[in-house]
Amino acid sequence: MSFESEFQSIYTRASTGRASARLVLDDPFLHRMQKRHFILFDVLPAIFTLVAIALLPVVPVGRAELGVFFIMWLLTGLGISSGYHRLFAHKSYVVARPLRAALAIAGAMAGQGGVLSWVAMHRRHHERGDQEGDMHSPNLHGEGWRGKLRGFRHAHLTWMMAHPYPNVVHYAPDLVRDPDMVWIHKHYNKWAVLGFVVPAVVCAAANQSWMGLVSGFLWGGMVRMFVLEQGIWSLNSLCHLVGSRKYATRDKSRNIGLLAPFIFGESWHHNHHAFPGSASFGLAWYRVDPGYWFIKALGVLGLARDIKVPDRAQLRLREAATAAET
Ligand SMILES: [Zn+2]
Ligand SMILES: [Zn+2]
C-alpha cells in the first residue's frame, strides 16, 4: 500500500463514524506503519552513521561533506523547531502561505513524521504532560533508577515503535482544514527522500565524482538525520528527567541550557511548557535560542508577524504564582 492510500486509510478511520470522536486511534494497522517508519527513519540512520564512520578511510569527509551535513542539519532543524513546533503546533507567529509551505517541507525532510501527525502528537504531549496518555513521558515507568532508565529508553526511542495515534481531526483541526498542509503531509515520504537526494547530488557535483553521491547521502542524509534526531528525542527524554525548573507546571519538564546551541534552543523545554504559546523558549536575550532567532530574523525582514512572546509583567506574574504555590 502506498503512503498516500495509507494516509487516506488513517484519515478515513479518524474522521468517520464514532472514530471521529475518539481522541486516539490504536490498532495493528497503525502499529505496523509506525514500526516501518521507525526502521526506515530511526534505525537505518543509526546503522548508516556507523557505516559512514567505518568507511572514513575510503570515503573521507571533506569540505563538501561538512557543508551538506551542516546546511541540511540547519534546514531540517529549523523546519522542526521554528516550523513544526513553534509555527504549526503552537501558532506562536504568522507567516505567508509560501513560507508556511516551505517550513512544513523542511520539517518533513527531517524524517520525524508528516506535519499533521507530528503536531497532533505534540499537542497531546502538552495536554497530558507526564500523565497517563502522554505517549513519550519518561516518568511513568516505575520508581528508582531502574524506573528512570526504563523511562529514558521509552521516551528517547522505543515509544516510536508502536503507540496510540492522536486523532488529527481532534488535535489538529486547523491543519486538517488547510489544503496545503494536507497535501504536504500526504507526500511526506517524498520530502524525506528528497532530504537524501539533495545532499547526494550537491556533494557529487562539488567533488566532481560519483563517490560524492555516496558521501553526500551518508553525511548530508543519514548522519545528519541521526544527529538531529538525538537532539529532538532528548527533549522527550532528558528534558523531562534532568535539569532545572523555575515555574509551577503540571508536567515534569526541565531546562537544559547546555544543550540549547545543539538543538535550536528547544532544550529550554521547561520554559516552553510554562509558556507554550511563546515563540521564544529562552525568554531572555542572553539565552541561546536559534529557533527563536530565526523567527526574529524573519520578523525583521517583514516575513513574520504577530510573534508572541510574554512581556516582563507576564513573566513576573507567573513567577509570583509559582512562589505562592510552593
Ligand atoms: Zn515536553
Ligand atoms: Zn511544544
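Of the 326 residues of the protein, 52% count as buried, where buried means under 20% relative accessible area, exposed over 50%, and partly exposed in between (1.4 Å probe, protein chains only). The model is predicted, so local features need pLDDT of at least 70 and side-chain atom pairs pLDDT 80 or more, while totals for chains, interfaces and linings use all residues. Residues are numbered from 1 along each chain as its sequence is written, chains are lettered from A and ligands numbered from 1 in the order written, and side-chain values use heavy atoms, without hydrogens or water.

**Exercise 1. Overall form**

Find how many helices and strands the protein has, and check its radius of gyration against the globule rule.

*Solution.* 
- Step 1: there are 14 helices and four strands; these are DSSP runs numbered from the N terminus, helices being H or I with at least four residues and strands E with at least two.
- Step 2: the rule, 2.2 Å times the number of residues to the power 0.38, is applied to a radius taken over C-alpha atoms.
- Step 3: for 326 residues a compact globule would come out near 20 Å, and the protein has 20 Å, so the two agree.
- Step 4: the C-alpha trace spans about 65 × 50 × 50 Å along the principal axes.

**Exercise 2. The zinc ion (ligand 1)**

Identify the protein donors of this ion and work out why their arrangement is irregular.

*Solution.* 
- Step 1: collect donors, which are N, O and S atoms within 2.8 Å of the metal (3.2 Å for Na, K and Ca); water is not among the atoms, so sites may look incomplete.
- Step 2: recall the test. Four donors are tetrahedral if all angles lie between 85 and 135 degrees; four are square planar and six octahedral if opposite donors are over 155 degrees apart and all others between 65 and 115; anything else is irregular.
- Step 3: the four donor atoms subtend angles of 98 to 147 degrees, which makes the arrangement irregular.
- Step 4: look at burial. H125 is buried at 1% relative accessibility, H269 at 2% and H273 at 8%.

**Exercise 3. The zinc ion (ligand 2)**

Which residues coordinate this ion, and which distant parts of the chain does the pair H90 and H272 link?

*Solution.* 
- Step 1: the NE2 atoms of H85, H90, H122, H126 and H272 coordinate the ion at 1.9 to 2.2 Å.
- Step 2: in sequence, these donor residues follow H-x4-H-x31-H-x3-H-x145-H.
- Step 3: H90 is in the loop between α3 (63-89) and β2 (94-95), and H272 is in helix α12, 182 residues apart.
- Step 4: H90 is buried with a relative accessible area of 15%, and H272 is buried with 0%.
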